[in-house]
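Look at the model below together with its sequence.

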Amino acid sequence: MTNHQCDICIVGNGAVGKAAALGLAQAGLRVALLGVPPAPAAAAAASAWDTRVYALNHVARNLLSTVKVWDALDAERVAAVEAMVVKGGADSAAGHLMFDAYSAHVDALAWIVEDSNLNRALDAALKFAPNLQLLGGRAKTLQADATTATLQLESGETISAALVVGADGAQSWVRSQCEIGIDYRSYHQRGVVANFTCELPHRGIAYQWFTGNDGIVALLPLPGQRVSLVWSAPDALAQELMDEPLSQLAARLSLLTAGTLGQLQPLQPELAQAFPLSLLRTHALVAPRVALIGDAGHVVHPLAGHGMNLGFGDVAALIKVLSERGAHRDCGDAGVLARYARMRKEEILLMQVTTDGLERLFGADFGPLRLLRNLGLNLLDKVPVLKRQLMAHALGRAFDKE
């Protein structure tokens, strides 16, 4: 049977794993990307808009630019976020907080990119990447010794690498093989996503409403007068939203958002999806000759839209430490992996604590607490130093420090 030899084997077929494969191969390392091809999607009109979109920050854009993917995106389907408005509710007395690109001295706070747009550009780049093998099949066992990590596939083939990178999502097989423990908490919510046209122009503003018992509603700008909904709704409400026609969901949104964007209408073809929301903390980001990236290493609540950005941050950090490891160390060296874990620890923990804390704080609909929340938002909006710190974190951090 065939034995594939490489420096790094990446397990996973998502955008984070693909970006890691591109970046590491372009850095001169021999890379194998192992992923089962996704099932063919149902045929849809070429103009249909994905329900799954990402708010990519500056770290994500810089990484995608470095691996020559950003400019390959369909730019007509990318929307720049010029500002973000956070509200403590839909009524006029609700707290209000606003961030804008002009105050942050950047061209945009983030960019809204569809999943299909991102993955098409990544797939095209993978075909031309040097030093890269694209392998199908499923791994059956993972073993590591002092010099090598070996994956045995169900086909009988093996892959030998100095480092295995787990980029295989929240239910990571790689993580389970390493017996890395996790702390898991379900939010008993689902993220309901759908796309709408809006009567009034959104002007590049992303809106977020904390509604208490009804969860968190975000409307993200798409090109033209279109918006993408991400409603973090309690399970019972999420099921109700999924069972009703999208026209009824649009009417709910128009009322809940106090007509901020006028009347909303479902984009054609009508489509809504829902996915469970949870918090996942891993007890370690590395194991002997193994590193975790993306959802394999951490899952956060989507209220800040940073799940994908955290994953791309992992990729940028991993490329940096492997590029700087020195000639005497291989890619799976324990000291190199320890440096990667240190680089990522602070940002991951901060994002987990922040998103979990905000979900708990704004998820409660207790009257006095709601009043304090609104006062806090209004106060924060008037303190430039604190706003700048929040914006700097949202835009993404540089990886020049450990």
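What follows describes a sheet and then the aromatic side chains.

This is a predicted model, in which local features need pLDDT of at least 70, side-chain atom pairs count only at pLDDT 80 or more, and totals for chains, interfaces and linings use all residues. Residues are numbered from 1 along each chain as its sequence is written, and side-chain values use heavy atoms, with hydrogens and water left out.

Strands of a sheet pair through backbone hydrogen bonds, either parallel or antiparallel. Helices (H or I, at least four residues) and strands (E, at least two) are DSSP runs, numbered from the N terminus; two strands pair if DSSP finds at least two bridges between them. Here, three strands form an open sheet in the order E3-E7-E4, with antiparallel pairing. Its edge strands, E3 (53–56) and E4 (79–81), each pair on one side only. Between E3 and E7 (residues 110–114) there are four bridges, and Tyr54 stands opposite Val113 in E7.

Rings of Phe, Tyr and Trp (its six-membered ring) pair if their centres lie within 6.5 Å; planes under 30 degrees apart count as stacked, over 60 as edge-to-face and the rest as tilted. The count is two aromatic pairs. Trp70 and Trp111 are edge-to-face because their ring planes stand at 75°, with the centres 5.7 Å apart. Tyr207 and Trp209 are stacked, at 5.5 Å centre to centre and 15° between the planes.
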